Amino acid sequence: MGLNDNNSLKAMNSQQKSNYINMVANIVKDNVKVASFKIFDTLVLSGFWENSDLFHLMENEFKDLYVGKKTFYELRKTAEEKALKKSKTGKPEFDEIYRQLEKISGISPDSAEKLKKRELELVEYYCYPRECGLRLYNDALEAGKKTVLVTDSYLPKETIGRILENCGIKNYTAIFIKNQKQLKKSGGTIFPIIIKKLDLRQGQLVHIGGNVADDVEAPVIQGISVVYLPDCKELMIKSGRLSAYVEQKLGKKYNEPEYIGLRCAMSLYAERFFDYPTNQVVSGDFCGSIENLGFLTLGVLSLAKDYAVSSDVEAFVLTALGKEKKSADM
């Protein structure tokens with residue numbers, strides 16, 4: 001998957017292209033035999049600003065099973081916190097989350113099972129591949145490298161397998177998931193296991209991920225090469241003022257259910273323009289880009305069927321954006 005092929009839907013600036021070439025170069029080195037990829041945020045995205053935003057989509061189903069006054073969002077987050085306290089790995093177990101939900105909400109075991117199944121269906125439905133990560137993954141395969149996948153997600157391995165299949169991620173040698181022995185990716189404990197299982201020597205493993213502590217510091221300390229691919233939202237927050245402006249403007253309202261559409265739009269904006277890493281340039285609310293402004297403004301409004309212009313100034317701005325080819329094409 002070269003930089004000039006037709007598999008990329010995103011236009012990259014010269015800086016992004018240079019960064020991408022450097023990442024590939026570190027993966028395809030002759031001494032590298034195996035490339036390990038973090039699954040979530042590196043290869044797979046969800047489309048939500050926060051993973052918990054998905055819980056808002058289950059409120060109606062929850063109301064049919066629950067007689068109390070609290071929301072599913074509230075109770076599901078509380079259940080996860082309680083499950084985390086019972087965990088010995090620093091990550092909650094998915095089944096334990098729903099056992100805790102059953103206890104604190106008073107719903108029946110059958111109801112808890114229905115909700116658990118529905119959450120997994122929604123997670124699977126909304127996950128999609130990250131273009132940059134998938135291209136790096138396929139570059140590794142084309143260079144003859146073995147690929148392995150790592151995650152400490154609490155999702156069941158069957159769900160993770162279907163997500164990978166749906167995202168076109170295949171031909172990997174192995175998946176290393178937190179297992180019955182409570183192995184964790186965090187802290188770097190997974191890397192010696194990979195090296196031992198695949199009978200690797202020093203310098204033969206390169207790891208690709210975006211968490212500084214788990215995906216950079218931990219492997220580097222162990223003498224493992226890394227390719228740092230930050231989360232799209234992290235790159236957006238560091239490279240512009242839009243996110244901070246919106247959160248400051250809305251305050252606590254930003255996390256309320258009525259703004260889930262805006263948060264998802266922000267997440268898609270981050271993925272659209274910050275999928276491929278670039279250096280930080282804080283030059284405006286939309287990172288100094290007319291394309292960014294058009295994508296988030298005209299793009300989002302085009303999805304709002306009941307949208308109505310509320311002032312002459314708003315109408316003037318939207319008309320001007322519509323006449324600007326770079327913003328309109330987004």
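Which strands does helix α6 (residues 131–142) lie across? Select α6, then β1 (34–38) and β4 (146–151): the helix lies across both and runs at about 165° to β1. Contact here means heavy atoms within 4.5 Å. Axes are lines fitted to C-alpha atoms, for helices over the stretch in contact, and angles run from 0 to 180 degrees between N-to-C directions. Helices (H or I, at least four residues) and strands (E, at least two) are DSSP runs, numbered from the N terminus.

This is a predicted model, in which local features need pLDDT of at least 70, side-chain atom pairs count only at pLDDT 80 or more, and totals for chains, interfaces and linings use all residues. Residues are numbered from 1 along each chain as its sequence is written, and side-chain values use heavy atoms, with hydrogens and water left out.

Next, select the sheet. Its five strands are ordered β5-β4-β1-β6-β7, open and parallel; two strands pair if DSSP finds at least two bridges between them. Neighbouring strands are turned by 20° against each other on average, direction ignored.

Zoom in on β6 (residues 205–209), which runs parallel to β7 and is joined to it by four bridges. Val-206 stands opposite Ser-225 in β7.

Last, select α12 (residues 260–274) and α13 (residues 290–303). Their axes come within 11 Å and cross at roughly 145°. Contact residues include Tyr-269 and Phe-273 of α12 and Phe-295 and Leu-296 of α13. The contact residues divide into nine nonpolar (Ala, Val, Leu, Ile, Met, Phe, Trp, Tyr, Cys and Pro), two charged (Asp, Glu, Lys and Arg) and one polar (the others, Gly among them).
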